[in-house]
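Subject: Structure handover and notes

Dear colleague,

I am passing on the structure we spoke about, and I would be grateful if you could look it over together with the notes that follow.

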Amino acid sequence: MVLNSVAKTVQLQKNAANIRNICVLAHVDHGKTTLADCLISSNGIISSRLAGKLRYLDSREDEQVRGITMKSSAISLHFAQGGEEYLINLIDSPGHVDFSSEVSTAVRICDGCIIVVDAVEGVCPQTQAVLRQAWLENIRPVLVINKLDRLIVELKFTPQEAYSHLKNILEQINALTGTLFTSKVLEERAEREAESHVNASSEPGEQVYDWSAGLEDTDDSHLYFSPEQGNVVFTSAIDGWGFGIEHFAKIYSQKIGIKKEVLLKTLWGDYYVNMKAKKIMKADQAKGKKPLFVQLILENIWSLYDAVLKKDKEKIDKIVTSLGLKLGAREARHSDPRVQINAICSQWLPISHAVLAMVCQKLPSPLEITSERVERLMCAGSQTFDSLPPETQALKAAFMSCGSEDTAPVIIFVSKMFAVDAKALPQNKPRPLTQEEIAQRRERARKRHAERLTAAQGLAPAEASPDGSTLQTSPQEQEPKGDEQEVESVAPTPLPQEEPSQESFIAFARVFSGVARKGKKIFVLGPKYSPLEFLQRVPSGFSAPLDDLPPVPHMECCVLESLYLLMGRELEELEEVPPGNVLGIGGLQDFVLKSATLCSLPSCPPFIPLSFEAAPIVRVAVEPEHPSEMPQLVKGMKLLNQADPCVQILIQETGEHVLVTAGEVHLQRCLDDLKERFAKIRISVSEPIIPFRETITKPPKVDMVNEEIGKQQKVAVIHQTREDQNRVPEGVQVDSDGLVTMTTPNKLATLSVRALPLPEEVTQILEENSDLIRSMEHLTSAMNEGTSTKVIHQKTQEKIWEFKGKLEQHLTGRKWRNTVDQIWSFGPRKCGPNILVNQSEDFQNSVWAGPAGRSSGEARRYRDFGNSIVSGFQLAALSGPMCEEPLMGVCFVLEKWDLSKFEDQGTNDEPSQEQSGTVLGEQQGESETPLSGDPDQEQQDSCMELCEKMASQKGDALVSDCYGPFSGQLIATMKEACRYALQVKPQRLMAAMYTCDIMATSDVLGRVYAVLSKREGRVLQEEMKEGTDMFIIKAVLPVAESFGFADEIRKRTSGLASPQLVFSHWEVIPSDPFWVPTTEEEYLHFGEKADSENQARKYMNAVRKRKGLYVEEKIVEHAEKQRTLSKNK
């Protein structure tokens, strides 16, 4: 056991080669925190008897109550092996899917990870998720198969059965790793092919196609987990034991006399030992031979458990003496067999040694960071490493060398901010008093006591003593004051301006290069910061002090106020932190919101943003119970937003404060934090706000009773009500095929719009490429304004063409001819899953055109009006007509765009335009400076814009001033036209869907299915886990029906099944929210009122009610049938 001191840790931090930054990843309840406890107890931080019970890294009260980890927390451990001393920065992470964002923050600052798998449950959904996260961040995993004691005690397996079960688990995990690796190789091959295709297209000659996938040549043996490689450890954390096969190979090489190297290769696998020949043979199952792993390892552990559980005292003593261990009298007498097992096994096979030795041997140090990982971290968005400026590319060497010289640039990544109580900070803790101070206090207390006695006898001392001491005046009033003064002079208390329980924010960070020193000035780079912009503004070779630099967007300068060593629940203050270490930084709460890159050189790019597995989807509106406490709530929500990496805080147009979280458990934790830590007020929380999307579909072929539409007799009365709903106001023309034509209020412009449903694949492509669409939009807007000199990099251009190619591939047929080239905009927010297509004749302004052709006068003639029409489309896509929810999968086609009347109006009075144009020109000259290179072009453009402005003003003035600016009229008309175009098509709601993974035993399957069907769930597959009686059920469930689902399943199955819910996709609800029976058959089947449950209408009305929109419902129906509740006499 190593009792570690801060001085020792500081010394170990300087040797980067012996540092290991690791995190523990697993599915919920697979034993991460218990394993972490065992490793912490090896350093003497907690007692080994409490390991597994204390859950030291679960420092929150709700973590202890629920028994799950909710945040990632770090601790530094010391480990000595073979004369080398290692510093292990261990980060424990949550396994619950709601907190997978915390896993992302942990994985980013580590170099390796321990994947923990439950020996009974095997590979679970979250195991796959964390393995994928580790793979994406390029960190090396090692495997710990935990809870082996359950195979003995619960499942009562024989050693042979346990061996085949473990082999099965290992195969499953390796299959997962294999799929990740294969997909990576195939992606790389596709990239190489694309490049070679570009290069080879110019060369004539015969093309030979290479059919090999590239998988044959690539070596992937080091990726897989296998005990003989030493990257698998078998453990039981609760009983404190664990082993790798190396431990047993060492023991048996001496006992049997077979070389250790041979044993290492054969202890795992189908080999058996021939004791007579002292040889290891390939196992022949027919002879009933046991594999070495069973015979030499598992049988010994099984016999120990057997002896202890049966309380066979003689056998226990025999085992203890043969292993050369000591069993204390307390443990020997203890009635709980688990205590004895723990006492024996933790001496025989200490888990901390097995796991930490594997970590030190198999996981990389910060010096071994791969160039691939560095390039990936530095390339945010759609950039590639080659497209970065040379000064930025030069920083790669600093990353790789992890240099601690003074000249090395300091690069730190903050992965999250976490809140601690200000009292817990080291500088605010009261220090212990010295002997002299204690003596002084004692003397003072004696004096006060004597004075009190004299005062009580009526001999009060004089008003003030000659030396003016406050201690001797009016004891009743002044005593406390004097006491406080004395205490302050002896032990420092927290700063006066701090409230007693104020929250302080610490940044959870890692130094990638250079030495972080207390008081050092450093740049904070926001996620949108561009080093290119800085290098353009500041001349090369600048040597100005940091304060004198010109302001650059998304970059601030700050000071590293305090550095901390993270020790689980404790913090220790440090003066400096060398590269490769994990640390806490104080004083950044005003500069960093959730995560940031800190660097001493402005040429450093911001790191690629963290990727979160679970998207926040559960929304609630929050308000204080007493309206006067609103400021505290706003302040509290700001703090919560900073303290949680995944939560989102929104203020809606209605003024509601909305909290967006990843799931129910996450929501509960956020609300508890808000009430108890950040806002400290009582709050009232709304019902969850469920997001929906609106879309349109192709007209159905059959009606609600499966009759072909158009062949039956319509029921006149009911049919009429249907038409009332779809009545279109005057001034809007609707063709039979759904083309809507509208005119602006001043009758000068006419727009014709049609709405079409997009194929599902296209909607999916648009969602997947939203980042690319956003970067296209940024480039286009920058070029329109003339503020950007950025050239589109070749790789980005290739991605754009690939995206366009995918769209063309799926939008085929007569209806979609040339549609992709005519795309004008995406929406909502210019990057959503809806498109605006312009099919008017003189349209040249598609999203693919880029800067080409934009400077010509013809193309820019309608630019301002075009922007108004696009804005109208964006507004329409943001809130649909059914219940003001965003649209999805809709294509709006602008077929006609007639501004001829407006132009005629504008040309009537040219001289007056020119006169007023000069005045306006002067005004604009003051406010705008041309940014592009060609002054004539700039002048021409500004003149055109002025003419357009004047024309619009003139047009408005001629007709009537009451309609407002012409551009505003265009926006409103376009928005309304889009809404009517939607309403003439069959409208549908889209619900957000969770994928739901449930592990349950066969006897509770029926109850699980009952709960799922009650909540509109749909089972996709059900399979039995090999070697267990557990079933894995995969289902989809609407988010709207998911609240209370986990609790209900646990209650109905007595805790034997627990679901994992992850947001998956949007799905169209098949029923029509406006459906009413219109045919004889429907009328007979559904009745006059058709009041059977319509899911879509129920959801739509709930949303409309919440938003305060009109809901069509009858409050009282059949009033004459109402009667009192008293019994009929």
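In what follows, two residues are said to be in contact when they have heavy atoms within 4.5 Å of each other. Please keep in mind throughout that this is a predicted model.

I begin with the sheet, an open one of seven strands in the order β2-β3-β1-β4-β5-β6-β7, with mixed pairing. Its edge strands are β2 (73-81) and β7 (241-243), each of which pairs on one side only, and the twist averages 25° from one strand to the next. Strands β6 and β7 run antiparallel and are joined by three bridges, with Phe234 standing opposite Phe243 in β7.

Strand β6 (residues 232-236) also holds Thr235, and this residue is worth a moment of your time. Thr235 has a relative accessible area of 0% and, because anything under 20% counts as buried, it is classed as buried. Leaving aside its neighbours within four places in sequence, Thr235 is in contact with Val144, Ile145, Asn146, Lys147 and Leu148, with Trp241 and Gly242, and with Ile351 and Val355.

Turning to the helices, α4 and helix α5 (residues 125-136) pack at an angle of about 30°, with their axes 10 Å apart. Since angles under 35 degrees count as roughly parallel, α4 and α5 are therefore described as roughly parallel to each other. The crossing of α4 past α5 is right-handed, and the contact is made by Ser100, Val103, Ser104 and Val107 on the α4 side and by Gln126, Val130, Gln133 and Ala134 on the α5 side.

Strand β15 (residues 562-567) pairs with strand β16 (residues 570-574) in the antiparallel sense over five bridges, and Leu565 stands opposite Glu572 in β16.

Finally, some backbone details may deserve a check before you set up any calculation. Most residues other than glycine have a negative phi, and most peptide bonds are trans. Against that background, Asp29, in the loop between β1 (19-26) and α2 (32-41), has a phi near 65°, which is positive in a residue other than glycine. Lys156 likewise is not a glycine and has a positive phi of about 55°; Lys156 is found in the loop between α6 (148-153) and α7 (159-200). The peptide bond from Gly827 to Pro828 is cis, with omega near -5°, and Pro828 lies in the loop between β28 (823-827) and β29 (834-838).

How values were computed. Residues numbered from 1 in each chain as written. Predicted model: local features only at pLDDT ≥ 70, side-chain atom pairs only at ≥ 80, totals over all residues. Heavy atoms only, no water. Helix = DSSP H or I, 4+ residues; strand = E, 2+ residues; numbered from the N terminus. Buried < 20%, exposed > 50% of the residue type's maximum accessible area, 1.4 Å probe, protein only. Pairing = 2+ DSSP bridges. Axes fitted to C-alpha atoms, helices over the stretch in contact; angles between N-to-C directions. Parallel < 35°, antiparallel > 145°, perpendicular 65-115°, else oblique. Left-handed = near helix turned anticlockwise from the far one by under 90°.
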